[in-house]
Protein chains: 2
Amino acid sequence: MEQCVGEASVRFREPVEIMASASVVGAKEGQGPLGALFDQVGKDDYFGGKTWEEAESNLQKEALRMALAKANLEPKDVRFLFAGDLLGQSIASSFGVNEFGIPHFGLYGACSTCGEALSLGAMMIAGGFAERIACVTSSHFASAEREFRFPLEYGNQRPLSASWTVTGSGAFLLRRAGLQEPGKAEDEAGRQEFERVGNGVGWQEALDAEKDREGKCEEKGRSIRAKARIFGITAGRIVDFGLKDSMNMGACMAPAAADTLVRHFKDWGRSPADYDHVITGDLGSIGRAAFLDLLAMRGIDLAEKHLDCGMLIYDAEKQDVHAGGSGCGCCAVTLSAWILKQLEEGFWKRVLFLPTGALLSKTSFNEGKTVPCICHALVLEGP
Amino acid sequence: MEQCVGEASVRFREPVEIMASASVVGAKEGQGPLGALFDQVGKDDYFGGKTWEEAESNLQKEALRMALAKANLEPKDVRFLFAGDLLGQSIASSFGVNEFGIPHFGLYGACSTCGEALSLGAMMIAGGFAERIACVTSSHFASAEREFRFPLEYGNQRPLSASWTVTGSGAFLLRRAGLQEPGKAEDEAGRQEFERVGNGVGWQEALDAEKDREGKCEEKGRSIRAKARIFGITAGRIVDFGLKDSMNMGACMAPAAADTLVRHFKDWGRSPADYDHVITGDLGSIGRAAFLDLLAMRGIDLAEKHLDCGMLIYDAEKQDVHAGGSGCGCCAVTLSAWILKQLEEGFWKRVLFLPTGALLSKTSFNEGKTVPCICHALVLEGP
């Protein structure tokens, strides 16, 4: 229990490293403010699939394949995989990562799944159960609309409080600090296979840049520099303020984000001053206002420090996304493409990453139930 | 990494204890061969809910409440909760365990979820991240039919290869070996509240018997004897033999069960002789035949040692369940009510518990996809 702090937090004796990550997004995300930073932007949103669900599976497949390629690792080098998505029975994951053959733990935490996966993955490593872990999550605008709302063909109108589900997948490779990577020749065949399957742009350039930077891919016992380190977590609990509006999920999730943040500060004995930024997953503009209000009631002023992936990924006005972006992919691709970069390059020293999730379903909505929510926190620092 | 064995297995330095468990089932399960062993049998299958989904949530709520009551613990004594079910977006869990306020990790592993929850929960404890963990899973015949197949009112015919989704929930409390329980007076108010909400029979008797047996509930630093111990796991990977028949899930899952079992034997250097029984989750009679055939092809004869929860929970002929029982609840309630009892009372020394799951959804089925499957293994021994 020496790694436990407070009621629901874990502080690792030795931080766990994020050694590589990859982001694959759709066309709309590619046109957003972070567009140039993603590893791959799809030419269309099918990603070679025949259905939206297959498209989402391909997103996961490509993200994981790319993360492995960046680290010059093979699936067998990864001990466990944590994966999840928004679809019923998590089919995007089951059909997305199955061919890698990595021992698999399926998760459901709605849009917080990226945080849940990284939390559990990091604990597996810090607990001594694995040296390398992969975490993959995704969402897709069209598969999510079918799953939660209406078929696209129906052309329903969306209220201004609604968010836009991000088409994207982020994959992360975690490792025990200081672990040497297995040396091996570059897998040219594997890379060609990847290029054949993918239909995106930018991937080859990203990989080349990555390899130039590492510069050691072919040596034995390579030492790849980590992108960032996970120092610990605060696990979220389910918070339900009784809201029922599935078209205003930011407001539904804000209480969960505030609950986890307050418990995090208490468990860790920290305050906003200890972080360069506190970055929520997908509260959007309305959720952000509610979140800041709830914190102000607790005497916490977070206005200056708070960022939200849902507000970063799109230009809300120009791209007509209303309250902002959402979905498991939203915070995953923002973390991979932008947040880790800020940490890696030293612009930020330490951030709190707070992915939020709304645990509703179409059935629970139709039965008039509330929207219970959850939020997991991760303490991230530079390498 | 000293706790890792082989490619996908973990062997704990110190086994993790299952300190208490509870099972709540529906009327049909109460009439089956294990009927007298369940802690609570519902008078109807609504469990006080207005919808089938609410009924399933209430199953989880009652199972967890009962497990906590048996151990005379409060929710705050439990550090993390792992929960999951079959429904889209795991709503049975989100609405079932939310009021306990325990930091929550949502899982999706279809009918293998009980094994996934116990695996991750045990690793959390063995890794030093928690002293006590709760694991809860459930399924409900009527909510599963609506989720995966047809509304009950439609009255569709079921082929003989189909299984019957178990209405039931199993809750388990794990703890670090040798941990003393916090002393406190019995919570009479809490128990009355539970009885008010529950509508089942047998619960009071079970609790009284439990308390008689423990006999130490009111002392400080109580020492409750464990029911069984988890010595380690072998994590499953997704296995897909290309089968598409959602009305024959036993056959779909058999390859995943065989894959995990073979890898378990390899990782641990064991054979069937090391176990009193190898107990799969819900292969049913057709899946069992396929499973034994697949193993025979690898030179493993498991016919004598193999049991299947799906075949134990119902009298297949008299209860007209065709291939057997299935669902997250199937292996969870069988483990709680029967398997743990056999271990606790010394009839068995060591078993391998192999919950199996079919990772399909209605959407993936309708889109003509295969049924990818998974199976997690846990090594259980008596206290």
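Over all chains, the structure holds 36 salt bridges. By that I mean a side-chain nitrogen of Lys or Arg within 4 Å of a carboxyl oxygen of Asp or Glu. Side chains of opposite charge can pair when their charged atoms come close.

Some ground rules. This is a predicted model, where local features need pLDDT of at least 70, side-chain atom pairs count only at pLDDT 80 or more, and totals for chains, interfaces and linings use all residues. Residues are numbered from 1 along each chain as its sequence is written, chains are lettered from A and ligands numbered from 1 in the order in which they are written, and side-chain values use heavy atoms, with hydrogens and water left out.

Now, pairs within a chain. Take A:Glu99 and A:Lys61. Their closest N and O atoms are 3.6 Å apart. A:Glu99 sits in the loop between α3 (91-96) and β5 (104-106) of chain A, and A:Lys61 in helix α2 (residues 52-70), 38 residues apart. Helices (H or I, at least four residues) and strands (E, at least two) are DSSP runs, numbered from the N terminus. A:Lys61 is buried, at 14% relative accessible area. Buried means under 20%, exposed over 50%, partly exposed in between, with a 1.4 Å probe and protein chains only.

Next, A:Asp259 and A:Arg237. This salt bridge is 2.9 Å, N to O. A:Asp259 lies in helix α8 (residues 249-268) of chain A and A:Arg237 in the loop between β10 (228-234) and α8, so the pair ties together parts 22 residues apart in sequence. A:Asp259 is buried at 12%. A:Arg237 is partly exposed at 26%.

In chain B, B:Asp39 meets B:Lys70 in a salt bridge, also given as 2.9 Å, N to O. B:Asp39 counts as buried at 8% relative accessibility. B:Lys70 is buried too, at 8%.

One joins B:Arg146 to A:Glu367, with the closest N and O atoms 3.3 Å apart.

Last, a network: salt bridges link A:Glu53, A:Arg146 and B:Glu367.
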